There are 2 protein chains.
Amino acid sequence: MKNAVKVIPLGGLGSIGKNITVIEYEEEIIVIDCGMGFPDEQMYGVDLVIPDITYLLQNKNKVKGIFFTHGHEDHIGAVPYILKQMNIPLYGTPLTLGIIENKLQEHGLLTKSECHCVEAGDVIALEQIKVEFVRSTHSIAGACCIAVHTPEGIIFHTGDFKVDYTPVDQKGMDLQRIGELGKEGILLLLADSTNVERKGHSPSEVTIGKTLERLFDNVKGRIIVATFASNIHRIQQIINAAVLYGRKVAFSGRSMENITKVASSLGYLNIPEATLIEGEQIKNYSNDQITIVTTGSQGEPMAALARIAFGKHRSIQIEPNDLFIISASPIPGNDKLVSKVINELYKKGAQVIYKDLEEVHVSGHAYKEELKLMHTLTHPQYFMPVHGEYRHLIHHRNLARQMGMPHDHIFILEDGDVLEVNKVTAGVIGRVRAGNILVDGIGIGDVGNIVLRDRKHLAEEGMLIVVAAIDLETYSIMSGPDIITRGFVYAKDSEDLIEEVKAVANKELEMCLAYQMTEWHILKTSIKKVVEQLLYEKTKRRPTILPIIMEV
Amino acid sequence: MKNAVKVIPLGGLGSIGKNITVIEYEEEIIVIDCGMGFPDEQMYGVDLVIPDITYLLQNKNKVKGIFFTHGHEDHIGAVPYILKQMNIPLYGTPLTLGIIENKLQEHGLLTKSECHCVEAGDVIALEQIKVEFVRSTHSIAGACCIAVHTPEGIIFHTGDFKVDYTPVDQKGMDLQRIGELGKEGILLLLADSTNVERKGHSPSEVTIGKTLERLFDNVKGRIIVATFASNIHRIQQIINAAVLYGRKVAFSGRSMENITKVASSLGYLNIPEATLIEGEQIKNYSNDQITIVTTGSQGEPMAALARIAFGKHRSIQIEPNDLFIISASPIPGNDKLVSKVINELYKKGAQVIYKDLEEVHVSGHAYKEELKLMHTLTHPQYFMPVHGEYRHLIHHRNLARQMGMPHDHIFILEDGDVLEVNKVTAGVIGRVRAGNILVDGIGIGDVGNIVLRDRKHLAEEGMLIVVAAIDLETYSIMSGPDIITRGFVYAKDSEDLIEEVKAVANKELEMCLAYQMTEWHILKTSIKKVVEQLLYEKTKRRPTILPIIMEV
């Protein structure tokens, strides 16, 4: 199709996380966000997941920049890994860029990277494309929608958003500009689908401030609040409550310390000088003068909150009358981790307040009525729901249909699908490569399906190794067979079973040698088979069986 | 203490599941429930968890019977494993016993077991103890509270319960009898704590019937409802809705087929003869005449619903206009599994209704106001919260305190604690052995901490084996070193790394041999160390390294 814009999600559709969208017009490509994903429970040992950017590498010369909607990991986390593969200019608001720069620093990439700081309202003019940042509200400061002006029309990407009419920093979403753009004519809307199942309107972030004020009242001990390090407005409200009750504030946890430092220096966070103290100063104050703001609200075993709970924190020990507030919701899959931490805090005698007891968290994603507002303001010609699992995309489509959009103007894509759109028509015209690259340690992409399958099998059943040395001249066993197990049974407690395994392996090996069936493959398969049969019969388990036969 | 009752929870405190409580008076022991627990995410490959019953084995002659409150797995699931260790008479209402007998049959234990069927209201008189079954309401039919009459007073165990004033079978909880017992004087109350965090009163099960009626209206395709096989009242309401709209009902999933068969034959489930059809008859009817009731509401990969979703069911394939209703809440930890199934159903074009969209599930556990009613009716001298994580027990204690119970009359126990109680005093006097026995395949208790640690390590990092054969007479390498990996990297993609490992292992082995350092332990440790160092440096990973050096 001549004169068409291509929109290609390389990640972020049909699952939560790993958000990255390519917008291409003739010789220009811009990228919106570049997030990491989270390994699912089958990805044993995988640290994080990043998008496959083969398509960008193949079109290196076209790529003009990555434009960030906001600074959450699922929108920025893959940047260091991507920049190692190709250098791309980065555009974002000060906080977004500040968080990214922290990351680049850690990866030793900062000096090599080209970072452009923008403010909401700024327009970056490329050749034919112009990229406009439009102020939005979300559970992190400095969030923007992105309007991509192309010769064919405007592609409007909401990023993650909620409509907060009373934001903590009083910098509301620029609904007027969104309306103006809608009036001008939006060709395609890409909008956040995360909370499309929720009825009504999400509560404003400021409601949490009121709850915190009430909870802080009359507390005798220390107050320890766990929340997301990036939720600057939440942290501001915790500080406000601390100031109100004459408490000092200390930060705990690496990302909490890092992000609050960046946010303070950029003016997103306003902490009275006398309020902020360092961790080591805590002991200089009485307990009722202390507030600690910490990471670990998802129960992550290595984060500060869990370390405090389990007595593994280097400086913070639980004391009687400590009040813990977990100001977050468990992300699906983290419920049990969070429960463990809460139970442990109670066991140590602390008080704990969490979302089942009080309204200590609000979502950062738009509910149904907010989404309807977005659709009404933008009134796009075409619509592509983004950010969510498949069911969320379907529900968002249904919402758009209820609002009168024709069925064939809505596109539910999968990662890698190429949507081509211009003034008169739109359609999916093909696919490019897209997928998950798994990161384990410093290895990128070297953990594939076979490795994961092996890990899963090892995890569930353990392994048993049969090792022997044979002499192929005399057809005799020189050593072994010996049995080594890991994760199967504890050998000392199962001596009889191990002896039986040894016996059947020995018998099979001797038989193979007697018949001179010493071909590698046959030897191994035969031994594996008899051992497998024995173990399944005796234990109903199927550990990985590894016969190692050395020829000497 | 003379003339005292001992109450010993062998399981079920501080975690959900594995409920089993021992009540002992002089020469008599009775056991209330005998449930299984569910492996946590660290228990790789473990199928289920059962309680350690060493204490019962040590007091075999005293044990008079297991008395069951109801037929859920976490209250009956360990029975076959326990009966293999000692024979104990079993007492329960017809449905509870029916479900247990199914289990015993599978384990080949039915003919050897002594099962006593009781009705609510029955009293079993032992020597000094009498055990009374009191009708209760819960998310399974035939649930009872158990009142243990001892010479020192009544121990009242609620079992799992909710107060449903309008139960589907119109057999309400026997609140009058509970009040009467309370009036008579209850020494100790043990009460369900699961939902103590929830304010108000749980909705009645009949509210689901109304929702189902509405949802069934005007559906063109088949209706497939997933729920718990044991939730007989839910299933009855699904049948009622089907009958109302002239639909047939087929059951799918082994436990659904088993339990509904038992429940029908015992009169708990009322299915008009013309309504029930077999799975293979589905094809004889048009889609709008079909309802399928299926297992798998927790997204379990092997259950019928997931098999239907992923196209692996032997007879049920998804068709356009199919309406799926997931009439259950995900148990914590199962959210992602359920999400996966829902997304897959949408991808296949089905409609899905689940708890985020409609009120298609109610809990079977009492909320705060129901618990207050129980405390008021029983008005016990002492109180011991049961069934719940630690935080639930604490909240239940707080609720009892708010109702005026003195602090030192409330006992939060851990599994194995021995609470001694009589007319004048109560206190924890010691501990007996209690804990988790892990079941993997048919192995009971042979998977311990070392095995689990190994499985975890293998799961996260995989393994690398260095294998070589050496001749201790000539101090030379006869074969190898060879490298075998599983779950670490895919060797074909990482040939350079594997070659490097081989080289350092070879060098180290040669050095050891040159210096005649051939002591087993030294050889293995040296090789392990150099390989470990190399791998960590190159990959930042620490796989299990297993040097296997054969002497020939």
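**Notes on the A–B interface and helix packing**

1. Across the interface of chain B and chain A, the rule finds 19 residue pairs in polar contact, both partners at pLDDT 80 or more. A polar contact here is a pair of N or O atoms within 3.5 Å; within protein, one must be able to donate a hydrogen and the other to accept it, and residues adjacent in sequence count only if both atoms are side-chain atoms. Please keep in mind that this is a predicted model: local features need pLDDT of at least 70, side-chain atom pairs count only at pLDDT 80 or more, and totals for chains, interfaces and linings use all residues. Residues are numbered from 1 along each chain as its sequence is written, chains are lettered from A in the order in which they are written, and side-chain values use heavy atoms, leaving out hydrogens and water.

2. How much area do chain B and chain A bury between them? The figure is about 5,800 Å², with 60% of it on carbon and sulfur atoms; buried area is the accessible area (1.4 Å probe) that two parts lose on being put together, summed over both. Arg391(B), Arg541(B) and Met550(B) supply 10% of the area that chain B buries against chain A, more than any other three residues.

3. In terms of contact (heavy atoms within 4.5 Å), 66 residues of chain B meet 64 residues of chain A. The rule also finds two salt bridges across this interface, a salt bridge being a side-chain nitrogen of Lys or Arg within 4 Å of a carboxyl oxygen of Asp or Glu. Arg391(B) pairs in this way with Asp356(A), their closest N and O atoms being 3.6 Å apart.

4. Helix H10 (335-347) of chain B is worth a look: H10(B) gives nine residues, the largest share of the side of chain B that touches chain A. Helices (H or I, at least four residues) and strands (E, at least two) are DSSP runs, numbered from the N terminus. That side of chain B divides into 30 nonpolar, 12 polar and 24 charged residues. Ala, Val, Leu, Ile, Met, Phe, Trp, Tyr, Cys and Pro count as nonpolar, Asp, Glu, Lys and Arg as charged, and the others, Gly among them, as polar.

5. Within chain A, helices H5 (residues 175-184) and H11 (residues 368-378) pack at about 45°, with axes 7 Å apart. That makes H5(A) oblique to H11(A). Leu175(A), Ile178(A), Gly179(A) and Gly182(A) of H5(A) make the contact with Leu373(A), Met374(A), Leu377(A) and Thr378(A) of H11(A).

How values were computed: Axes are lines fitted to C-alpha atoms, for helices over the stretch in contact, and angles run from 0 to 180 degrees between N-to-C directions. Angles under 35 degrees count as roughly parallel, over 145 as roughly antiparallel, 65 to 115 as roughly perpendicular and the rest as oblique.
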